[in-house]
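Thanks for coming. I will go through some local features of one model, and the sequence and structure come up now.

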Amino acid sequence: MPRPRLSCVCCAAIIAALATPAHADLPGEALAAAKKATSFLVEQVSTEGGYLWRYSADLKHREGEGVVETSTVWVQPPGTPAVGQAFVQLYQATGDRQFLDAARAAAESLRRGQMQSGGWQAMVEFEPERRRRWAYRVDRPGSKAKDQSSLDDDKTQSALRFLIQLDRALEFKDESIHEMTLYGLDGLIQRGQFSGGGFPQVWTDRRDLDTPKLNASYPDAWPRTYPGHNEYWYRYTLNDHLARDVMKVLVLADEVYGDPRYRASAVKLADSLLAAQMPAPQPAWAQQYDARMQPIWARKFEPPAITTSESFSVIETLMMVYRELGDRKYIEPIPRALDYLETCHLPDGRVARFYELKTNRPLYFTLDYQLTYDDSDMPTHYGFQLQSKVPQLRKKSERIARLTPKQLAESDTSRPPSPREVQEIMDGQDERGAWLSDEAMRYHRVPGPTINMDVAVEHLTTLAEYLDAVDQ
């Protein structure tokens with residue numbers, strides 16, 4: 001059986017340019033650079049096969065979303081799944097077992113962190129005392145162990161995408177990886193998905209809360225002061241690109257396994273996005289909804305409101321759904337959403353994160369978290385104002401609306417990295433194989449240089465794309 005490859009649609013002229021005599025030795029050098037980086041990551045950086053977000057150049061300081069001084073790895077990108085996926089891409093591009101072994105080690109790290117309910121949390125703990133806090137599937141859970149699978153910030157989704165691709169690269173022959181992946185997918189669609197089609201921020205091994213098949217509506221009134229969290233994490237959630245990231249998992253699972261349940265789950269999720277669009281005068285989306293499909297409070301700085309960031313993400317997701325499912329009903333709501341969002345532009349062309357229900361006045365918070373219409377005293381930890389995506393989304397949606405899904409697939413081309421890009425990546429490696437950034441350690445408050453996993457993932461992925469292209 002031929003070794004698997006990345007799918008990279010390139011014209012013959014581009015491939016020929018990559019293999020010109022001037023760059024005849026570049027593929028070998030690129031492979032050597034990728035192997036050197038992988039050796040460094042596996043042998044000097046990883047903990048139990050997994051990874052954090054950031055390390056000091058001398059590896060003395062480590063952090064994820066906070067200082068880490070224990071045997072802990074991170075799941076949330078750019079942690080373990082993101083690094084593992086780069087290794088899979090390198091293996092698919094080259095067939096080199098070193099990359100496969102590195103990906104297997106990352107998968108084993110995730111296996112030891114999979115929850116009883118099927119998903120993952122932000123991190124995986126390896127020290128015995130710290131592990132007792134969590135209901136890890138491979139352990140015998142204690143009575144107080146927390147079983148909580150998270151879809152926040154692409155945690156469980158990134159793990160599943162990596163594992164699905166690794167399972168396929170292994171031709172489904174590794175029983176442990178195959179079983180873990182399918183168990184996670186079962187947890188996602190059987191425990192995580194509401195009957196109305198949407199997903200909460202987290203799920204457990206129980207189904208205590210649900211969202212019926214209702215269309216979104218405005219509450220008659222809503223509290224102007226924070227009423228408490230009310231376990232918002234179990235409610236229908238669109239925050240932090242949750243629906244987009246879940247949809248990517250379901251589409252990939254359908255492609256790889258051909259199980260009709262995954263496509264059916266994707267359809268339910270897509271239909272829930274249509275139902276979650278608010279009616280006039282604000283035909284966009286909120287961050288989170290209650291069982292009546294009305295916007296609700298989440299954290300103390302996240303009020304019931306129309307949210308531009310989530311609306312942009314939903315529009316992108318609906319365009320992806322049209323490409324994958326082929327039903328034009330999924331792009332039908334986009335023009336009126338964009339027309340409305342264009343009215344939200346502030347004088348400088350940006351948009352507020354939150355707009356008051358019905359009145360459409362921008363909502364902000366003071367430094368002591370009092371709700372206000374005034375943007376002069378905002379906390380800085382959260383994006384209460386952001387760049388508008390209306391122009392680019394309108395251009396993209398109009399193009400998509402003119403084409404069938406087949407035409408879209410045929411028109412999409414992916415240009416491989418240029419020799420110059422690859423050379424710059426190789427030139428940036430130190431003698432160990434690391435890429436250093438000037439960025440400081442955020443939580444240790446130690447100055448750079450640092451080793452950032454987002455940079456490592458980006459560079460390894462670029463090398464994989466280049467090596468795949470020159471081998472075609």
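Tyrosine 369 takes a positive phi near 65 degrees, in the hairpin of strand 13 and strand 14, which has five residues between the strands. Strands here are DSSP runs of E of at least two residues, and helices are runs of H or I of at least four, both numbered from the N terminus. Before going on, this is a predicted model, where local features need pLDDT of at least 70 and side-chain atom pairs count only at pLDDT 80 or more, while totals for chains, interfaces and linings use all residues. Residues are numbered from 1 along each chain as its sequence is written, and side-chain values use heavy atoms, with hydrogens and water left out.

Strand 13, residues 362–365, runs antiparallel to strand 14, and two bridges join them; two strands count as paired if DSSP finds at least two bridges between them. Within that pairing, tyrosine 364 has threonine 372 of strand 14 as its bridge partner.

Strand 13 also pairs with strand 12, residues 354–355, again over two bridges and in the antiparallel sense. There, tyrosine 355 stands opposite proline 362 of strand 13. The hairpin of strand 12 and strand 13 has six residues between the strands, and in it lysine 358 takes a positive phi near 75 degrees.

What is the order of the strands in the open sheet? It runs 10-12-13-14, four strands with antiparallel pairing. Strand 10 (306–307) and strand 14 (371–372) are at the edges with a single partner strand each, so one side of each has no neighbour in the sheet.

Now the helices. Helix 6, residues 155–169, and helix 7, residues 175–192, have axes that come within 9 Å and cross at roughly 140 degrees. Axes are lines fitted to C-alpha atoms, for helices over the stretch in contact, and angles run from 0 to 180 degrees between N-to-C directions. Helix 6 and helix 7 are therefore oblique to each other, given that under 35 degrees counts as roughly parallel, over 145 as roughly antiparallel, 65 to 115 as roughly perpendicular and the rest as oblique.

On a 1 Å grid over the protein atoms alone, a cavity is a set of points where a 1.4 Å probe fits but cannot get out; a pocket is an open set with protein on both sides within 12 Å along at least five of seven lines; and lining residues have an atom within 4 Å of a point.

How many cavities of 30 Å³ or more are there? The count is two. The largest has a volume of about 50 Å³, and its lining includes Phe40, Leu41, Trp435 and Ile451. Helix 2 (26–45) gives the largest share of that lining, three residues, and strand 16 (450–452) supplies at least two.

The second largest cavity holds about 40 Å³. Among the residues lining it are Pro295, Ile296, Glu302 and Thr307.

As for the second largest pocket, about 700 Å³ of space lies in it. The lining of this pocket consists of 24 residues, with Glu65, Asp152, Asp153, Asp240 and Arg299 nearest its centre.

Technical notes:
Grid points are joined across faces, edges and corners, and a volume is the space filled by probe spheres set on the points.
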